[in-house]
Amino acid sequence: MAANDEISEHRLQTLLDSLRSNAVKYRNISPDYEAGIYIKGNVDVLSRGRYNDYIPIFKRLDADINTYYAEFIGELTFTNPNIFNHSLYSISTNKQRFIDEHIENIVAPSIQLNVYSQYFLGQVYSPLAYLSGRYYNYQLDSTWKEGDTYYYRIAFSPRLANYKFVEGYMVANSGNYSIREIFVEGSFEFVRYSGIVQMGKEGTRQEFLPQKISLSTDIRFMGTHLKGEYVSHLRYNKILAHHIAYPQNRQNGKERQNPHNRQKQSKRFPGQSH
């Protein structure tokens, strides 16, 4: 390996170590909050199969509708230790029942996302988890400076072809190594998905909370093909003081949990029972 390559690799590993160690701290920054939600989504029906009655979410498809759309407003509350509650109200839609199920099964779990968590959507192992180097490859795509702060865009891809891992990129800053943006794409059974999360303004209480979430889905099953696009905006009305719980030894307990040994949980994808 050339000297420059060794320096670049060392720089990347140092950066990843800082991101992982700070992720342990930030995932335990747990402010109770209340937020207003606005969600806009549409689902295009590209083809219809013959066996839709066997998949609950496909049973709502109408023969004469090729595009479903909806707008929702609502509220999201978080209370420690890990209690989320949301309520959504449709303000515009062309087919209430079908789009309601898509929003509840696909979009609602994403607005509860903690980007610093070890797992996304219950089972996807985060590229920021403490042992993520065993399961992901990383590459420093670019570095730039804004004011006195440097920003790093790091691409990641799974070492193993498994639904528990995703590929994408994340953008972090050099000030406190907080995530400014993260993009992921992956698949599960007959669903392919991608999403980008943009975080709150730096230097505010919203810095560690998602502000905008864009989600795309591509669902194919036995001749039925649906494509969905959803955008969620969160406006925080109340954020209580941060409570920070610093783990005594992040190498013990859950921090060293192997994703292959994790107990199965509900993944909240379409077509699955809850």
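**Figure 1. Tyr33 is a buried residue at 7% relative accessibility.** Buried means under 20% relative accessible area, exposed over 50%, and partly exposed in between, using a 1.4 Å probe and protein chains only. The model is predicted: local features need pLDDT of at least 70 and side-chain atom pairs count only at pLDDT 80 or more, while totals for chains, interfaces and linings use all residues. Residues are numbered from 1 along each chain as its sequence is written, and side-chain values use heavy atoms, with hydrogens and water left out. The whole structure holds 17 aromatic pairs. One of them is the stacked pair of Tyr33 and Phe78, with 5.7 Å centre to centre and 25° between the planes. Rings of Phe, Tyr and Trp (its six-membered ring) pair if their centres lie within 6.5 Å; planes under 30 degrees apart count as stacked, over 60 as edge-to-face, and the rest as tilted. Tyr33 belongs to strand β1 (residues 33–47) and Phe78 to strand β2 (residues 67–79), so this pair ties together parts that are 45 residues apart in sequence. Helices (H or I, at least four residues) and strands (E, at least two) are DSSP runs, numbered from the N terminus. Phe78 is also buried, with a relative accessible area of 9%.

**Figure 2. Tyr136 and Phe156 form an edge-to-face aromatic pair.** The ring centres lie 5.9 Å apart, with 90° between the planes. Tyr136 is in strand β6 and Phe156 in strand β7, so the pair ties together parts that are 20 residues apart in sequence. Both residues are buried: Tyr136 has a relative accessible area of 0%, and Phe156 one of 3%.

**Figure 3. Ten strands form an open antiparallel sheet.** The order of the strands is β3-β2-β1-β12-β11-β10-β9-β8-β7-β6. At the edges stand β3 and β6, each with a single partner strand, so one side of each is left without a neighbour in the sheet. From one strand to the next, the twist averages 15°; axes are lines fitted to C-alpha atoms (for helices over the stretch in contact), and angles run from 0 to 180 degrees between N-to-C directions. Two strands pair if DSSP finds at least two bridges between them. Within the sheet, β11 and strand β12 (residues 224–239) run antiparallel and are joined by ten bridges. Arg220 stands opposite His225 in β12. Strands of a sheet pair through backbone hydrogen bonds, either parallel or antiparallel.

**Figure 4. β6 and β7 form a hairpin.** Two residues lie between the strands, and Gly147 in the turn has a positive phi of about 65°. The antiparallel strands β6 and β7 are joined by ten bridges, and Trp144 has Tyr151 in β7 as its bridge partner. On to the next strand, β7 pairs with β8 (residues 167–173) in the antiparallel sense over six bridges. Here Tyr151 has Asn173 in β8 as its bridge partner.

**Figure 5. Asp141 and Arg153 meet in a salt bridge.** Their side chains are 3.6 Å apart, N to O. The pair links distant parts of the chain, with Asp141 in strand β6 (residues 136–146) and Arg153 in strand β7 (residues 149–158), twelve residues apart. A salt bridge is a side-chain nitrogen of Lys or Arg within 4 Å of a carboxyl oxygen of Asp or Glu, and the whole structure holds five. Asp141 is partly exposed at 37% relative accessible area, and Arg153 is partly exposed at 30%.

**Figure 6. Glu202 forms a salt bridge with Arg180.** The closest N and O atoms are 3.7 Å apart. Glu202 lies in the loop between β10 (191–199) and β11 (210–221), and Arg180 in strand β9 (residues 179–188), so the pair ties together parts that are 22 residues apart in sequence. Glu202 is partly exposed, with a relative accessible area of 31%, whereas Arg180 is buried at 11%.

**Figure 7. Asp17 and Arg20 meet in a salt bridge, and both lie in helix α1.** The N to O distance is 3.8 Å. Asp17 is partly exposed, with a relative accessible area of 46%, whereas Arg20 is buried at 9%.
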